[in-house]
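Let's take a walk through this model, strand by strand and loop by loop.

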Amino acid sequence: MADPPVRCGPMNEKRTVSGAEGRPGTAVVTGAGSGIGRAVAVELLRAGWSVVLAGRRAEPLTETAALVPEGASLAVPADVSRPGDVTALFSAAVERFGRVDLLFNNAGTFGPGGVPVEELPYDAWRHVVDTNLNGAFLCAQAAYRQMKEQDPQGGRIINNGSISAHTPRPHSVAYTATKHALTGLTKSLSLDGRPYRIAVGQIDIGNAATDMTARMQTGALQANGEIAPEPVMDVADVARTVRHMAELPLEANVQFATVLATAMPYVGRG
Ligand SMILES: NC(=O)c1ccc[n+]([C@@H]2O[C@H](COP(=O)([O-])OP(=O)(O)OC[C@H]3O[C@@H](n4cnc5c(N)ncnc54)[C@H](OP(=O)(O)O)[C@@H]3O)[C@@H](O)[C@H]2O)c1
């Protein structure tokens, strides 16, 4: 189970209770210790958001916080697939910052790459479902409960889908199934959130340069069986997109945004 929360940034009470449109509020970013989550956390902190950084390992979270030493951040080690960890995460966020205005539901895993479906162990399938789908649900539910109850009411949830929410890579049944399921999660929450001013959208990313996509640059299995390197893009460009989605007034919502490396093999015939 998780280590206790670590207060990373200086106290800044002015930042803790805003959340009104046009002003930064409090964000919970899962998977904030690396890749896209780290880039988004840094982008939000630099823009004046208070940011709760979540992930299983404490050290990468404090490293993220250290990238913006003047920022108001709180590192809370948490495994999103564990209901108790998620409850503790949102309790820590509210205790420290008073409310939750944004959840970037980003923690995820690709699972074992390159394993044909008939050889995929059930445990591996379940780990991906627990992380990508059950974890996203648990965090969204906790955020939704808080946003419904807080005053002023409302907030925004941005789910991190994928190009794999639309179309698969070879040998990626668990990842692709969970990312398709996230689209259903996004649509359902978006509908159910309307009465409580909870806006829910999804970003579908293709080939941002992170640990998860390291193999894209050397060679990734293509649908025709070839191994080919693929173009990647900078995570900072994803982060700016998420910030744009996050800072819209709650009356406006980017329902789905697709941001991909321009020349990656996805559109048309690759
Ligand atoms: N990079 C891309 O091009 C791309 C494209 C489409 C979608 N995505 C999505 O973007 C998200 C982030 O991926 P990334 O590329 O930034 O890869 P990454 O660097 O591997 O990030 C994954 C993050 O999730 C955290 N995490 C994993 N399991 C967790 C759990 N059970 N509880 C809490 N945190 C957990 C990890 O931290 P710990 O290990 O410390 O827990 C890590 O910080 C994923 O949902 C991924 O599917 C990425």
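Right-handed here has a specific sense: with the strands pointing away from the viewer, the path from the first strand over the helix to the second runs clockwise. The element names come from DSSP runs, counted from the N terminus, with helices being H or I runs of at least four residues and strands being E runs of at least two. Before going further, note that this is a predicted model, in which local features need pLDDT of at least 70 and side-chain atom pairs count only at pLDDT 80 or more, while totals for chains, interfaces and linings use all residues. Residue numbers start from 1 along each chain as its sequence is written.

Stay with β5, which covers residues 102–105. In a regular strand, side chains alternate between the two faces of the sheet. In β5, Leu102 and Phe104 point one way, Leu103 and Asn105 point the other way, and all of them are buried. Buried means that 20 or more other C-beta atoms lie within 10 Å of the residue's own; 12 or fewer makes a residue exposed, anything in between is partly exposed, and the C-beta atoms are placed from the backbone.

What does β5 pair with? Strand β2 (residues 26–30) runs parallel to β5 and is joined to it by 3 bridges, with Val28 standing opposite Leu103. β5 is also joined to β6 by 4 bridges, again in parallel, and here Asn105 stands opposite Asn159. For strands to count as paired, DSSP has to find at least two bridges between them.

On the way from α5 to β6 there's a loop that holds Pro152. Have a look at the peptide bond from Asp151 to Pro152: it is cis, with omega near 0°.

Now move along to β6 (residues 155–160), which pairs with β7 in the parallel sense over 6 bridges. Ile157 has Val200 as its bridge partner in β7. The chain gets from β6 to β7 through helix α6 (residues 173–193), and this β-α-β crossover is right-handed. His171 sits in the loop between β6 and α6, and its phi is near 55°, a positive value in a residue other than glycine. Arg197, in the loop between α6 and β7, has a positive phi of about 60° although it is not a glycine either.

How many residues of β7 are buried? The count is 9 of the 9 in residues 198–206, so the strand is largely enclosed by the rest of the structure. Both of its faces are covered: Ile198, Val200, Gln202, Asp204 and Gly206 are buried on one side, and Ala199, Gly201, Ile203 and Ile205 on the other. β7 also pairs with strand β10 (residues 256–260), in the parallel sense and over 5 bridges. There, Asp204 has Thr258 as its bridge partner.

Next, turn to the ligand. Of the 30 residues around the ligand, the ones that come nearest are Gly31, Gly35, Arg56, Gly108 and Thr210. The elements giving two or more residues to this shell are α2 (35–46), α5 (122–149) and β7. A residue is near a molecule if its C-beta atom, placed from the backbone, lies within 6 Å of it. α2 gives the most to the shell, with 3 residues.

Since 11 of its 12 residues are buried, α2 is largely enclosed by the rest of the structure. Among the buried ones are Gly35, Arg38 and Glu43. Just after the helix, Gly48 takes a positive phi of about 100°.

One last stop is Asp79, in the loop between β4 (72–77) and α4 (83–97). With 22 C-beta neighbours inside 10 Å, Asp79 counts as buried.
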